[in-house]
Amino acid sequence: CFSVEPKLNLTKLKNNESRQHGWQNVLAEWPVLLFLAAAVWLFFWPLWIAGYTFPQGGGDLFNQLYPVWNYVAHWLRQGIFPLWHTGLMAGDPIIAEAQYGLLNPLNWPLFLFSPIPRTLLLLRDAFTLWLAGAGLYLYLRRSPVWGFGRTAALTGGIAYMLSNPFVVHLGHPQFNDVMAWLPWMLWAMDEAMRRRRGIPPAAGVLAALLLAGHGQAALYALLAIACYGLWQVAEGGWQHAPRRAGRLALVALLGGALAAPAILPGLERLPHTERSLVPWEDRRGYEFPAQMLIDFISPRFHGQGYRFWAPWNRVESGYAGVITLALAFLGLMSNWKQRRVWFLLGVGACAYLFALGYQGPIYAHLAPLPFFSATWKTARIIFLLSFTLAIAAGLGLETLLRGSSRQRVRWALLLLGAGTVLWFQASHLLSPVPAGAPQTNALHGLHLAALMLVGSAALTGIPSPAHNLARAGIPLLLLAELVAVGAFAETDPPSSHNNVHAEALTYLQADPGWFRVDVDVAAKGLWSPSALTAEGFTVPQGTGNPMELYRYNQFYWTIPYKDSPAYQLLGVKYIIVPKDAYPGGKGIWPVFKEDEWIDIHLNTNSLNRVWLIFDTLPVADRARAQEIISQPDFDPAQKATIENGPALHTHGEGTLDVKFYGPNRMAFNVEVTERALFVLSDLNYPGWTARLDGASTPIYTTNAIFRGVVIPPGKHQLTMRFRPLSFQLGLGAAGMALLLMAALVENALHRELRLFRISPGRVISSYE
């Protein structure tokens, strides 16, 4: 091991300051940024060239996000930004579910297309990987903390953007977005601490990270950001510490305020979600096992994707390439006296110990705290270890390239020895691996890692006259390793079944009525509710999101059978069932049987989506309402429960006309001869308000979860609007933040212009 100690050179420092700042210099990096884009394209070659699909099983991307994004795009084309989804369950406040990413800037280009082409989704996912690689490359190049050369910074960028945490979450782009913004945030913090005009960009990057939409990833990233900020405040010296800390506090305030339109509704939604019902003692099970440390050499040891065979939950391994691991070892050991190395060691070690969950020394003390108790999947923090390994690998290559020929030869011999030992000892490591395909896959992975070590040894040992070959060869070899290991990890082979339900889809689309389409639990693997939602249908189920509203799910899943009175309230006209399945009860029979895999049954018991009731049963709470509507003799067409509302016992008549039914506003013409209850089969949720003939009127929780409004005799216009106070407060906070950021930018430009007028020939540094 050897070290290259940094030397203080005032002239070089001034040149570095000029090099590190200024977008004109950043734009000069375009060849490397273009190379990173080509590297991402190469990684996805099974998709672009071989016709594979990704990710395996769909993940959040196709099962949860695509139907919602299509819905948003549809309404945006009509000039409406939807806060509420009318097509999921009995309605869903999608603005309050950060994972849907309505305010995530990376999703906005998708919303320009309706329907959204699936190819565009893949490009969006690929862009996130490029964003991560470009961010780390520029951070390592431009940050005063590192200042790496191009080859070392490029190596770190490749290692990070194609590491296993990114590959595992290809179907969860919201998680990848957070990881991608992390290096940009650290670079922006460097700028903000040293220059006031760096505060607005840093706040914008922080807001983008928070708006990405994954609470767990954001929490773990914020921990690393906070540690970095504390370290850099201390590094600046005590005379500058208050100024640096103040600027970072302002960045945090502005960034949080910009993200408030998503954060505040999300906090309002959290107590209503399925996840909030999980007992504190049960919030475990997604922990990083110590046995998976070998997966840092090859993730094929325990298998990737559906090849995962270990008895614990499938978690990301943190693998970033065995070449990355070797270079990181060199970088850390050779420069162990530097404080920046100790920062990497500290963050990496804490991330690993935290990832162990209750098996480690950290998480048990943090679990009872707010946010930690709600984000208990500790294994996901392992991406911070991948992040530190990528930086350490860049440091190792920087050290290697600056070393002498003798030192490089010694390192090459060490790599050669490690590769040789791993090759011949690989079979002895397979005892815990099941025989057959898992063992073969694990052995191939270890042998590939051994070959990578030998190949990097050959490149490292190249004599000095041809040493430029090593500069280019090592990052290229690392890229080849990561592509070979990860390109097929989350993909499905080409399928000839592009649309197996085309005729059934045509049949449903031919009905112009206003209804919901349900999927029997036995048919969900044949035609998912998400697929129907993506086609524009309204379904009474969710997408499997763990943040779904538990009140509705409890209502839906406690309905005992399809011809029960409670099921009539959902407005389900058609039911998708497996081929030749028995009808779900009286009044339900098959009407379409031409599909190879499923049948469509007609539910003649279903009520309309909106109706009038003249006989109400007042109740004090939802439990009592649920008890009443679950009775087999309950007639939902004639009676309705109303929570803390008036008792009606009239025998009137009425008519309904639906004027508009959209995501944020609904309008109806109602005419009744007697006082009546207007019932809409949509969920009653905080933020919905009603106006009758322009005057405010209360919305009552009807039939346990739905919306009801009392209508006096006569002709009336009823409107409902979804305007959650949390979202309005968030918009106000974001608006104030934008105004303050504009003032900061104007002040910085005015100050620089004034200094330039005073001394036009002088180079002015705004550091500190």
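These legends go with close-up views of a predicted model.

**View 1. Strand β4, wrapped up on both faces.** Here's β4, residues 598–603, with 6 of its 6 residues buried, so the strand is largely enclosed by the rest of the structure. Side chains in a regular strand alternate between the two faces of the sheet. On one side of β4 sit Ile-598, Ile-600 and Leu-602, on the other Asp-599, His-601 and Asn-603, and all are buried.

**View 2. The neighbours of β4.** Strand β2 (residues 572–578) runs antiparallel to β4, with 5 bridges between them. β3 (residues 588–592) pairs with β4 in the antiparallel sense too, over 4 bridges, and a hairpin of 5 residues gets the chain from β3 to β4. Keep an eye on Leu-602: Tyr-574 stands opposite this residue, and Trp-589 has Leu-602 as its bridge partner.

View 3. Lys-579 and Asp-599 meet through their side chains at 3.1 Å, N to O. Lys-579 comes from the loop between β2 and β3 and Asp-599 from β4, so the contact ties together parts 20 residues apart in sequence. Asp-599 is buried at 0% relative accessible area, while Lys-579 is partly exposed at 30%.

**View 4. Loop to loop.** Asp-580 and Lys-593 form a salt bridge at 3.2 Å, N to O. The partners are 13 residues apart, Asp-580 in the β2–β3 loop and Lys-593 in the β3–β4 loop. Asp-580 counts as exposed at 55% relative accessibility; Lys-593 is partly exposed at 39%.

**View 5. A buried pair.** Asp-682 and Arg-609 make a salt bridge at 3.4 Å, N to O. Asp-682 belongs to strand β10 and Arg-609 to the loop between β4 and β5, so this one ties together parts 73 residues apart in sequence. Asp-682 is buried at 0% relative accessibility, and Arg-609 is buried at 1%.

Notes
Residues are numbered from 1 along each chain as its sequence is written. This is a predicted model: local features need pLDDT of at least 70, side-chain atom pairs count only at pLDDT 80 or more; totals for chains, interfaces and linings use all residues. Side-chain values use heavy atoms; hydrogens and water are left out. Buried means under 20% relative accessible area, exposed over 50%, partly exposed in between (1.4 Å probe, protein chains only). Helices (H or I, at least four residues) and strands (E, at least two) are DSSP runs, numbered from the N terminus. Two strands pair if DSSP finds at least two bridges between them. A salt bridge is a side-chain nitrogen of Lys or Arg within 4 Å of a carboxyl oxygen of Asp or Glu.
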